[in-house]
Amino acid sequence: MSKAKSIIIIGGGIIGLCTSYYAMRKGHRVTLVERGAPGHDSCVLGSAGFIAPSHFVPLAAPGMVAMGLRMMWNPESPFYIRPRWSKELLSWAWKFYRAATPAHVERSAPLLRDLNLASRRCFEELAEIPGNDFGLVKKGLLMLCKSAHRLEEEACAAEHAHQLGLAAEVLTPTQAAQLEPGIRMDIAGAVFFPQDCHLTPHRLVACLTRALEKGGMTFSWSTEVTGWVVKNGSIQAVQTNRGELCADEYVLAGGAWSPDLARPLNLRLPMQAGKGYSITLPNPKRLPAISSILTEARVAVTPMGPALRFGGTMEMAGLDRSINPSRVSGIIKSVQKYFPEFGPEDFRNVPVWCGLRPCSPDGLPYLGRFGRYSNLSVATGHAMMGLSLGPITGKLIAEILSDEKPALDLRLLHPDRYA
């Protein structure tokens with residue numbers, strides 16, 4: 001094992017927590033710097049809670065550009081770009097267009113598979129620790145299809161999964177109902193991914209926070225990064241509203257705000273914040289046992305204990321956390337189409353959550369050391385896979401910080417790929 005180091009991790013979301021956890025397990029002295037107070041909101045808390053080996057196709061994939069152009073004029077659609085002049089958005093969109101190719105998917109799918117399967121094993125290990133009850137459910141994921149055309153597309157995805165060694169099964173409506181008898185579904189069929197899991201995000205965050213506190217990690221809450229001290233190609237200190245903090249190693253895990261943190265260092269991290277929404281029914285009239293995705297609507301459905309969460313949309317509106325009622329309306333209307341027992345009255349006066357997901361142009365996270373600075377690493381850009389890839393991201397970054405060879409080949413995720 002390498003010598004123990006002092007490490008500052010910037011960002012207290014799921015990536016920062018997981019990186020802190022695995023770095024602490026390596027014997028390092030970790031300080032987590034978070035601009036929010038204890039109990040702060042983060043992107044993962046309102047997420048669908050999926051652990052998804054089925055999600056091996058990156059966001060930048062063939063057909064996504066055309067689909068986005070069709071949808072962006074409908075404010076209730078799953079995808080929406082708020083019209084605005086932004087050089088960063090135009091640059092990001094061009095890079096996304098360039099990345100959305102079959103060759104990119106072919107390169108990326110095996111890595112995303114390996115990352116998700118490795119992260120699934122990490123979740124299983126975490127769940128075995130006494131007191132770590134974060135609601136891990138290993139019952140798979142149903143991709144629900146309203147139309148025969150969509151079912152054909154999902155069947156092709158199932159075949160791709162088979163080629164990657166993942167389990168997937170195309171189901172008739174009757175077979176889907178036998179697998180999930182807890183709710184009536186109006187569908188043309190479904191694809192079942194048995195290796196997928198789900199959990200309750202706020203319980204996972206509580207478990208990780210307790211483990212870090214028990215391990216003696218330092219939390220620097222309500223601490224905003226304002227600048228950097230640099231000398232001879234290395235970071236000497238991070239400047240904050242509470243003074244300078246020094247360490248041997250620094251990790252950027254600031255989610256959608258990471259590009260702003262990196263910019264003073266002349267580092268480019270092309271990123272757009274993809275706003276997602278969720279609505280959680282505390283006492284739903286029907287409670288499925290298996291998580292699902294309403295494929296045409298791109299809405300995730302997750303049972304979380306006695307509650308039922310519906311989440312979705314990708315709204316590109318910058319670092320804006322305001323609630324757009326049209327986006328929420330789109331989610332609610334889509335639920336009724338697949339689950340006819342639900343109606344608008346079920347969602348009346350239910351709080352709406354939104355969060356900003358960090359989306360890179362090629363749909364892959366930024367993971368590793370920057371070439372320009374010898375002691376600065378980054379872990380961000382996971383888009384909708386932040387929770388699913390959280391533990392393996394933390395584990396891999398901890399290996400890098402320990403001067404070990406990462407367990408997986410991370411060349412496709414290099415943070416300098418857009419330098």
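User: Which residue is the bridge partner of L252 in β20?

Analyst: Strands of a sheet pair through backbone hydrogen bonds, either parallel or antiparallel. In this predicted model, the bridge partner of L252 in β20 is V378. Strands are DSSP runs of E with at least two residues, and helices are runs of H or I with at least four, both numbered from the N terminus. Strand β13 (residues 249–252) and strand β20 (residues 376–380) run parallel and are joined by 3 bridges; two strands pair if DSSP finds at least two bridges between them. Residues are numbered from 1 along each chain as its sequence is written. Local features need pLDDT of at least 70 and side-chain atom pairs count only at pLDDT 80 or more, while totals for chains, interfaces and linings use all residues, and side-chain values use heavy atoms, leaving out hydrogens and water.

User: What is the order of the strands in the open sheet?

Analyst: The 6 strands follow the order β9-β2-β1-β13-β20-β19, with mixed pairing. Because β9 and β19 (366–369) each have a single partner strand, one side of each edge strand is left without a neighbour in the sheet. The twist averages 20 degrees from one strand to the next, with axes fitted to C-alpha atoms, for helices over the stretch in contact, and angles from 0 to 180 degrees between N-to-C directions. Helix α1 lies across β1, β2, β13 and β20, at about 170 degrees to β2.

User: Which residues have the most contacts inside the largest nonpolar core?

Analyst: In soluble globular proteins, nonpolar side chains tend to be buried together. A nonpolar core is a set of buried Ala, Val, Leu, Ile, Met, Phe, Trp, Tyr and Cys residues joined through side-chain atoms within 4.5 Å. The largest here has 47 residues, and L115 and L204 have the most contacts inside it. Leaving aside residues up to four places away in sequence, L204 touches I14, F123, F134, L199 and L387, contact meaning heavy atoms within 4.5 Å.

Definitions and conventions. Buried means under 20% relative accessible area, exposed over 50%, partly exposed in between (1.4 Å probe, protein chains only).
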